[in-house]
Amino acid sequence: MMSSKILKGPVLALQRQLAFHTSTQQNSKVAVVLSGCGVYDGTEIHEASAVLVHLSRSGSDVDMFAPDIQQMHVVNHTKGEPMEPNRNVLEESARIARGKVSALSDLEPKNYDAVIFPGGFGAAKNLSTFAVDGTDMKVYPDVEKTLKGFHASNKPIGLCCISPVLAARVINGCEVTVGSDQDEGGKWPYAGTASAIQSMGAKHIKKNVTECHVDSKNKIVTTPAYMCDTGLHHIFDGIGIMVKNVLSLIK
């Protein structure tokens, strides 16, 4: 028969883990900001799904938001070429949200514990002008208001893939990651984004796709996701680490 001393350690560890999930995660209210539907002109669907799965597993309550504006353009995802007619970001985001999405202008940081931005080119096209203007980018007003509101309230902000450029522009001197600043033989096809982040006054931290960076001072958590050309399971795991750290920063 196994002694109580042998069991004591694992039992205490399990109790602590359960207490963490109950007190920190289960009642957390998290806002997720979408930018359309589809990697080339909106939210990266796999990344959004990964965020939502990990939040669901944690027991968090989730509401989704998106700007009620026209997209920069619509891309035919079979050809990678622009097409007509244009589409509305909120309406397209509703595809991911299964209809349950609100205008970003309605998002009040006081009603939530954290906010998370999945990636996709929509972050660079529909939440900001990074895709066109690079380091001279503007962040659209409702997006800037959201980021500044959560930051001023000392509430955590999670961003993945290309979306860390939003924080780099809005939150002066913050630390983020988009992976590597080197192409590494095609593994990091968007490596130039790291230097753009540095040029905007933020600090880029090199991380692998299954890792995240935590800027504890600003409560910003970032992970590379599809900035890396790799398998979906690695993307899923890295986003899981990001979500876990976002939730751990909630008071």
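**The sheet and its charged pairs**

Reply: Start at one pairing in this predicted model. His 213 has Thr 222 of strand 11 as its bridge partner. In total, 3 bridges join strand 10 to strand 11 (residues 220–223), and the two run antiparallel.

Now widen the view. The sheet is open, with 7 strands in the order 5-2-1-6-7-11-10 and mixed pairing. Strand 5 (101–103) and strand 10 (213–215) stand at the edges. Each has a single partner strand, so one side of each is left without a neighbour in the sheet. From one strand to the next, the twist averages 25°. Helix 2 (residues 45–58) packs on the sheet. This helix touches strands 1, 2, 6 and 7, and its direction makes about 175° with that of strand 1.

Next, the charges. The whole structure holds 4 salt bridges. Glu 144 and Lys 148 meet at 2.8 Å, N to O. They sit 4 residues apart in helix 6 (residues 141–152), so about one helical turn separates them. Glu 144 is partly exposed at 26% relative accessible area, and Lys 148 is partly exposed at 41%.

Glu 184 and Lys 206 meet at 3.4 Å, N to O. This pair links distant parts of the chain, 22 residues apart. Glu 184 is partly exposed, at 40%, whereas Lys 206 is exposed, at 52%.

Salt bridges with shared partners also join Arg 87, Glu 92 and Arg 95 into one network. Within it, Glu 92 and Arg 87 meet at 3.4 Å, N to O. Glu 92 is buried, at 7% relative accessible area, while Arg 87 is partly exposed, at 33%.

Conventions
Residues numbered from 1 in each chain as written. Predicted model: local features only at pLDDT ≥ 70, side-chain atom pairs only at ≥ 80, totals over all residues. Heavy atoms only, no water. Pairing = 2+ DSSP bridges. Axes fitted to C-alpha atoms, helices over the stretch in contact; angles between N-to-C directions. Contact = heavy atoms within 4.5 Å. Salt bridge = Lys/Arg side-chain N within 4 Å of Asp/Glu carboxyl O. Buried < 20%, exposed > 50% of the residue type's maximum accessible area, 1.4 Å probe, protein only.
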